[in-house]
Amino acid sequence: MALLTIDLNALVANYRTIAATVAPARAAGVVKADGYGLGAAIVADALYRAGCRDFFVALTGEASALRPTLPADARLFVLNGIAPGEESALIAADAVPVLNCPADMARWGAAARINGRRLPAALQVDSGMSRLGMTGTEVAAIAADPRQLADIDVVLVMSHLACGDAPDANANDAQRARFDELAAMLPGAERSLANSGGAFLGGGFHGDLVRPGIALYGGAPQEDRANPMRPVVALDARIVQWRDVPAGTGVGYGLTSVTDHDRRIATLSYGYADGWPRMLSNRGAAYVAGVRAPIAGRVSMDSICIDVTDVPLDLLVGASHAELIGPNQSIDQVAVDAGTIAYEILTSLRHRHARRIVAVREQEDATCGS
Ligand SMILES: *Cc1c(COP(=O)(O)O)cnc(C)c1O
């Protein structure tokens with residue numbers, strides 16, 4: 001069986017790196033999409049122990065699932081607003097919805113009146129990405145008529161960067177200026193603009209709360225820059241069999257790969273149904289005993305063929321698994337090979353693999369300073 005290893009020490013180290021980078025702002029933990037595929041409860045628990053108190057998921061259902069695993073003083077924000085009918089589930093999960101539009105605000109205000117108390121919310125403004133959040137006109141209307149907020153306690157004003165991973169993009173400064181302008185109309189609330197990339201854009205982007213996701217999980221926060229994060233995920237697929245084939249042998253569906261010389265082909269028990277992109281057909285590689293083994297032919301549903309000709313035979317014989325993600329191949333490298341981003345590689349991984357959690361070494365803190 002394939003093995004997904006999640007190193008919570010690395011996760012916590014990444015959290016601390018970001019927290020130190022953005023201090024005195026605080027670092028939240030974005031754990032939407034089941035903690036970028038790693039397991040939201042496990043990730044959130046480790047982050048909470050490292051001092052994180054603010055968590056972001058995308059959906060109400062994600063908040064409902066995560067809340068019972070979190071201590072009461074953890075705040076749980078729901079990014080995608082309030083789907084009609086989900087108000088009571090949000091309240092039951094003690095979740096803070098992100099209000100993205102006037103309809104969200106109306107729903108949350110009505111829920112507050114039904115419950116007979118003010119309800120907390122984050123308010124998202126569109127600072128230039130045109131994806132989610134109130135327009136300038138809508139923010140101005142709220143500012144001009146504070147009665148709209150009579151039943152809502154806006155604890156956070158937030159927005160999202162379109163180009164946070166591109167430190168040289170002019171759009172970042174433009175969005176920051178627009179965000180500052182819009183947030184000034186809603187005084188009294190904390191501010192949050194930066195994702196992983198934004199955390200490394202400098203203090204002007206940090207506000208009170210930074211919202212890293214991918215960098216916690218080891219992904220590079222910014223393109224064309226050295227990755228300061230530690231890898232969190234390793235993925236090893238079982239080698240089912242291998243055989244020597246002569247020149248001219250076709251490999252895999254469609255026989256899209258034909259050997260040029262005598263070759264040694266191994267087959268891994270991992271495929272697109274496990275979440276390995278079919279785009280990696282005849283692209284990218286696995287590593288066997290640290291030696292690169294290019295993917296040969298198409299990625300199948302449950303298997304991948306790799307060319308292990310360069311792997312010394314004694315090492316191949318001793319190898320039960322091949323590395324798909326690990327010390328030789330980062331999630332960002334896999335993403336480049338597949339023409340996508342590390343986010344999609346992680347969140348596509350299914351749960352057909354065994355999962356090994358490397359637990360946080362608790363004494364790290366205790367011995368600190370002694
Ligand atoms: C997903 C998301 C984040 C985290 O982004 P990363 O690039 O993974 O750090 C932060 N804020 C919002 C609104 C998001 O949707």
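I started at Ala50, which is buried because its relative accessible area is 18%, under the 20% cut-off. This is a predicted model, so I kept an eye on confidence as I went.

**Entry: Ala50 and its surroundings**

I placed Ala50 in the loop between H3 and S4. I then listed what Ala50 touches, setting aside residues up to four places away in sequence: Val12, Tyr15 and Arg16. I also took a distance to Ala13, which is 37 residues from Ala50 along the chain. The C-alpha atoms of Ala50 and Ala13 are separated by 8.9 Å.

Next I looked at helix H3 itself, residues 40–49. Its buried residues are Ala40, Val43, Ala44, Ala46, Leu47 and Tyr48. I noted the general rule that an α-helix has 3.6 residues a turn, so residues three or four places apart point the same way. What covers the buried residues of H3? The cover includes H1, strand S3 (29–30), helix H2 (32–36), strand S4 (54–57) and helix H4 (60–66). After H3 comes Gly51, with a positive phi near 110 degrees.

**Entry: confidence and overall layout**

I checked the pLDDT. The chain averages 96, and 98% of the residues score at least 70. Residues 365–370 fall below 50, and this stretch has one contact in the model beyond near neighbours in sequence. Where pLDDT is low, the predicted coordinates should not be read in detail. I left that stretch alone.

I counted 13 helices and 19 strands in the chain. The C-alpha atoms fill a box of roughly 80 × 50 × 40 Å along the principal axes. Of the 370 residues, 49% are buried. The chain exposes about 15,900 Å², and carbon and sulfur atoms supply 53% of that area. I also looked at contacts with a separation of 6 or more: 65% of them join residues 24 or more positions apart.

**Entry: the nonpolar cores**

Which residues have the most contacts inside the largest nonpolar core? I found Phe55, Trp108, Trp276 and Ile306, in a core of 112 residues. Helix H1 (residues 8–22) gives the most to this core, with seven residues. A second, separate core has five residues, including Val245, Val251, Ile265 and Ala296. In soluble globular proteins, nonpolar side chains tend to be buried together.

I followed Ile306 further. Leaving out residues up to four places away in sequence, Ile306 touches Arg264, Ile265, Ala266, Leu268, Ala286, Val288, Ala293, Pro294, Ile295, Ala296 and Ala322. Ile265 and Ala296 are on that list, and they belong to the second core.

I moved on to Asp307, found in strand S17 (residues 304–307). Is Asp307 buried or exposed? Asp307 is buried, because its relative accessible area is 13%. The side chain of Asp307 makes a polar contact of 2.4 Å with the side chain of Thr309. Beyond its neighbours within four places in sequence, Asp307 is in contact with Arg263, Arg264, Ile265, Arg292, Ala293, Pro294 and Ala296.

I looked for a side-chain partner and found Asp244, joined to Arg264 by a polar contact of 2.6 Å. With residues up to four places away set aside, the residues that Arg264 touches include Trp242, Arg243, Asp244, Ile306, Asp307 and Val308. Also among them are Thr309, Val311, Leu313 and Leu316.

**Entry: the ligand**

How many residues surround the ligand? I found 14, and the closest are Lys32, Tyr36, Ser196, Ile214 and Tyr343. I then checked polar atoms around the ligand's oxygen atoms. One distance is 2.6 Å, to an N or O atom in the side chain of Tyr36. Another is 3.4 Å, to an N or O atom in the side chain of Arg131. For Gly213, a polar backbone atom is 2.8 Å from a ligand oxygen atom. Taken alone, the ligand exposes 390 Å², and the protein buries 94% of that.

**Entry: Met185**

Last, I looked up Met185, in the loop between helix H8 (170–183) and strand S9 (190–192). Met185 counts as partly exposed because its relative accessibility is 29%. Apart from residues up to four places away in sequence, Met185 touches Gly136, Val139, Ala140 and Ala143. I also took the C-alpha distance from Met185 to Leu70, 115 residues apart in sequence, and got 33 Å.

Conventions. Residues numbered from 1 in each chain as written. Heavy atoms only, no water. Core = buried A, V, L, I, M, F, W, Y, C linked by side-chain atoms within 4.5 Å. Buried < 20%, exposed > 50% of the residue type's maximum accessible area, 1.4 Å probe, protein only. Helix = DSSP H or I, 4+ residues; strand = E, 2+ residues; numbered from the N terminus. Contact = heavy atoms within 4.5 Å. Near = heavy atom within 4 Å. Polar contact = N/O pair within 3.5 Å; in protein donor to acceptor, adjacent residues only side chain to side chain. Areas by Shrake-Rupley, 256 points an atom, 1.4 Å probe, with all protein chains shown as cover. pLDDT = per-residue confidence, 0-100.
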